[in-house]
Amino acid sequence: MNLSAHKIEAERPTIRLLDDAAINRIAAGEVVERPASAVKELVENALDAGAQRIAVTIAGGGKILIRVEDDGRGISGIDLPLAVARHATSKIDGSDLLNIHTFGFRGEALPSLGAVGRLTITSRVAGAEAHQITVAGGAVGAVKPAALRHGTVIELRDLFYATPARLKFLKTDRAEMQAVSDTIRRMAIGAPQVAFSLSENDDGENRQILNLPPSTLTERVAAVIGRDFTGNALDVLAEREGLTVSGLAALPTYSRGTSGAQYLYVNGRTVRDKLIFGALQGAYSDVLPRGRFPVAVLMVDLDPEEVDVNVHPAKAEVRFRDGGHVRGLIISAIRQALSGAGHRTSSTLSNETLSIARPSFYAPGRVSQAVYAQIYDAQSLVLPGLSESTAAWSARADDTVAEPITAHPLGAARAQFHENYIIAQTGAGVVIVDQHAAHERLVYERLKRQAAAQSVKTQALLLPEVVELPAGQASAVLAFAAQLAALGLVVDGFGGNAVMVREVPAVLGQGDVQALLRDIADELEDQGASAALPVRIDAILSRMACHGSVRSGRQMRVEEMNALLREMEATPSSGQCNHGRPTYIELKLEDIEKLFGRR
Ligand code: ADP
Ligand code: MG
């Protein structure tokens, strides 16, 4: 490094104490990364002050103006200079950094903001006059009387004007505004009883972006993430030894391609914590394929002494004293909720289906009589061709007449079409089942149950089958032979790159042993030896299940179809296949009637 360029003597560098302005700028580098982080600090301060209403106004993506108004308890005139002094806080006395009940405690935010922008604080405590203080580029002005009804107004103008390097790294105004909005949405879920608003000020014109009245958690989540989510989410609640995990977790079929829709809180604080992310992902590992992310709002509440929030200047990460306990409870709480959901799949899927199903010609008022006449004509032409299958349908319907349709959630099987889909009539409409996906899930769950009970039923092959594998895979399979045997797959070495299969799990039936083994060898190769054993085993069982399921293309009898439906109802997680795809969709009669313009 060229030291002289940094105005430091090369020979004998002297050690000097930096002045406050420089120290605050350095601290600001950690605490205030972009406008959204300034907003986060200011909103946390408002929440710490007991605010019931918080209004945020932004101009120029936060580079021109960030204003946060609250109706909290305020700061007295005497305290204003202290509020902007470094390491000055009203929230702790410094004796116990593990017993923290507020968002703030480092006393860093306001001096940092005053170091990188022009900060004005106007505040009033009950029973006194309002006062104002200004800090710009680290220089603190005098306290002056001001006018304000109650609470605190903090304005930060020209963020990063004092640190142009930081300014260069900011994204477009639109992107910064998006980040501010995301920050506020996250915090709003953490404090549903508080009203939040966000407006954007463009050339003097105010545009409201968020307006959230005080509400319950579910209402707040619906307002922030959407009713789509709350309609497809399960309640999560578990409590163990002073640790509580609560919130809402979406059905697996309502997953996303990124983790952006995961809202995580520790003692009310928004976090992006790796342990919680990992636990959430782990809870869904069985029902979601790699690369899909569950949508969830997850609150972890515990004794503040059990968690260190002083790990990260922006406090986004935390450290749990007993991470294993937290991880375990998150996983079991979510799995319990998911298995309780049984065979439910996401309702948005049916909505998607409906929008696809909606015929393009259906436009009342726009379609002329002539066009309708054509359609009806066309249908009557087709009818004779249809009559055969119509007869088959009614014959099948008769088979099931004894069974009360409404008695079962997945209804009574009516027909199979395209050799893979089952139509069942339910009390409220119809269900369409992907028989291959559904059966695969059932086989998988059966295998898992048997494996857990160490009682996988096997079936010996009359003629042991020799399978030739790619170089290296045979030894990988043989190295895992003992575990495979416990799963019902008994293999021996056969020299070279070949292995001999003697027994297979009975639930797989008479499948293609060659294909089964090649798949399992691939899986073992993919896994390496890195993953945890239970995860590896589940993955292997999942591969096995693919081979044991009713392939699409197989005709099923009505009794077989009904048996499949009943087993789906009785099996946890049967609403999606092992790859996270839905196993069935449901169309309500009223929606079908809408399609036909009857409603
Ligand atoms: P910290 O939040 O870590 O204490 P800050 O620099 O964010 O540090 O704030 C310093 C102090 O200023 C706080 O401890 C609090 O007493 C006071 N303060 C800041 N913002 C507000 C507010 N909106 N309402 C009331 N007091 C506030
Ligand atoms: Mg603070």
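Helix α13 (residues 435-452) lies across β17, β18 and β19 (429-434) and runs at about 70° to β19, where contact means heavy atoms within 4.5 Å, and where axes are lines fitted to C-alpha atoms, for helices over the stretch in contact, with angles from 0 to 180 degrees between N-to-C directions. Helices (H or I, at least four residues) and strands (E, at least two) are DSSP runs numbered from the N terminus. The model is predicted, with local features requiring pLDDT of at least 70 and side-chain atom pairs counting only at pLDDT 80 or more, whereas totals for chains, interfaces and linings use all residues. Residues are numbered from 1 along each chain as its sequence is written, and side-chain values use heavy atoms, with hydrogens and water left out.

Helix α18 (residues 558-570) lies across β17, β18, β19 and β23, at about 120° to β17. These strands form an open sheet of four, in the order β17-β18-β19-β23 with antiparallel pairing, two strands being paired if DSSP finds at least two bridges between them. Because β17 (412-417) and β23 (584-588) stand at the edges, each with a single partner strand, one side of each is left without a neighbour in the sheet. Five bridges connect β17 with the antiparallel β18 (residues 421-425), and alanine 412 has glutamine 425 of β18 as its bridge partner.

Elsewhere, five of the seven residues of strand β3 (residues 118-124) are buried, that is, under 20% relative accessible area, with exposed over 50% and partly exposed in between (1.4 Å probe, protein chains only). Strand β3 pairs in the antiparallel sense with β7 (residues 151-157) over seven bridges.

Methods. Chains are lettered from A and ligands numbered from 1 in the order in which they are written.
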